[in-house]
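Notebook open, structure loaded. I'm jotting down what I look up as I go.

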Amino acid sequence: MSNKSAFNSLDPALLYKSDLLKHIFFTLIALICYRLGTYVPIPGINLDVINDIFPKEGSGVFGVFNLFSGGALARMTILALNVMPYIVASIVMQLLSSAVKGINEVKNDGELGRRKMNSYIRYMTIVFCIFQSIPILVGLEGMNREGVLVVIEPGIMFRTVGVFSLLGGTMFLIWLGERISASGVGNGISLIIFTGIISELHGALSSLLALNKNGSISLFVVLSILALFFFLLLLVIFVESSYRKVVVQYPKKQFKQQHNDDFTYIPLKINLSGVIPTIFANALLLTPISIANFYKGHVVADFILNYFMANKVVYIIAYLTLIVFFNFFYTNFIFNPEENAGFLKKNNGFIPGIRPGKHTADYLQNIVFKLTFIGSAYLVVICTVPEVMRYHYDIPFIFGGTSLLIIVSVITDTIIQIQSYIFSSRYDNWIKKYESKKGKLVK
């Protein structure tokens, strides 16, 4: 038997499985590269002083930002900004696309418009990186521990090198996230944030046990926090896997060969926007607060730190308000009732009891509004309960609703993509088998 015939005799399942393993392996290698980058310090930083300062001052909102960066901010590495500037730039561009007609036309210009929008977001990311880097670097120059400066040689050279280092680190992560999305498994940017959070899980557990050991919280409180964490985890899994079925009917002749019934349905998730509102809210709140940590003693910085710390009522209200706003905003951005109604009408589909066209669009809009309202209430509960616990106890942020939502959403989306890839590969193999048998019969 020749090598070619031996290859053809292989089980197709082994072929798509091996191909899938290549995608998974590429994703793991990319995430390992990201984790290694979180330990590459900015040139000119005194590592001993940094390690002495930030474990003590890295609590509160600064600790939240440090969690999203996978600990890179506390170590002052080239990936300290992580992908937050990119997320903020995405928020701004989406807001502008809704308000500026010209940008909205570019966004709706098919594949070319999508590429232009991505280019605009990257350019804006560069601007945000520079504006975030300079205050952080200048603030580092003024920090010291017992007279020993954090920056070995303060000055224009350190600031220049630091800006390019932080800018290069963020752009590298954006490129790495795009490569994961294209050649790996899952959404690259989401996986980077997910990896940063998971990498800090052991440290959060150690901090929680340390609080019990030094008498700050009792064992009962520790067990209550873990039980609450588990309950919220189950709630997130339940809600994220729930959806509302909107029944759609088609002419029987069109579907009698493919379906037993003459109807299908549109699945609408309860939380249509997923984890995006919490990420957007954190990105907008954490950026100015994290910069303010480097300028303690300044009037503006002290005002921000006094009223917008993680355990302050003002911070909680602002945080929840942004979550609700971005939930409604992003849902309207990703789901267009008019487009869906037009698609149904074009394919002769209709919702029973609802006239096609505008009436269908209004019906879908009403359902989406109700689901978004329920989803907003769900997000508020998920994010409020841990914040109330943090108001009374200095527990790590990783036990909060945002990190839980990110962890569950990323894992769920990645599993769905893996399953879709497997089903697609099986379908392709079945088509090839069918065409091969059909060709032999013709011969």
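Is serine 165 buried or exposed? I get a relative accessible area of 13%, so serine 165 is buried (buried is under 20% relative accessible area, exposed over 50%, partly exposed in between, with a 1.4 Å probe and protein chains only).

Ground rules before I go on. This is a predicted model, where local features need pLDDT of at least 70, side-chain atom pairs count only at pLDDT 80 or more, and totals for chains, interfaces and linings use all residues. Residues are numbered from 1 along each chain as its sequence is written, and side-chain values use heavy atoms, with hydrogens and water left out.

**Serine 165.** I place serine 165 in helix H9, residues 156–183 (helices are DSSP runs of H or I, at least four residues, numbered from the N terminus). Skipping neighbours within four places in sequence, I find serine 165 in contact with Pro43 and Ile78 (contact means heavy atoms within 4.5 Å).

**Cores.** I looked up the largest nonpolar core and got 85 residues (a core is a set of buried Ala, Val, Leu, Ile, Met, Phe, Trp, Tyr and Cys residues joined through side-chain atoms within 4.5 Å). Helix H14 (residues 276–292) gives the most to this core, with nine residues. Among the residues with the most contacts inside this core are Ile45, Met76, Leu140 and Val150. I checked isoleucine 45: leaving out neighbours within four places in sequence, its contacts include Met76, Leu140, Val150 and Phe158. Apart from that core I see another, of 12 residues, including Phe335, Leu344, Ile351 and Ile367.

**Helix H16.** I tested the length of H16 (residues 313–334): at 1.5 Å a residue, its 22 residues should span 32 Å, and the end C-alpha atoms are 32 Å apart, which agrees (the expected span is 1.5 Å times one less than the number of residues). Buried residues in H16 include Tyr315, Tyr319, Ile323, Asn327 and Thr331.

**Threonine 372.** Threonine 372 lies in helix H18, residues 358–392, and I count it as buried at 4% relative accessibility. Beyond neighbours within four places in sequence, threonine 372 is in contact with Asn327, Phe328 and Thr331. I also noted asparagine 332, which is 40 residues from threonine 372 in sequence and 9.5 Å away in space, C-alpha to C-alpha.

**Leucine 205.** Last stop: leucine 205 is in helix H11 and, at 36% relative accessibility, counts as partly exposed.

Conventions. Helix = DSSP H or I, 4+ residues; strand = E, 2+ residues; numbered from the N terminus.
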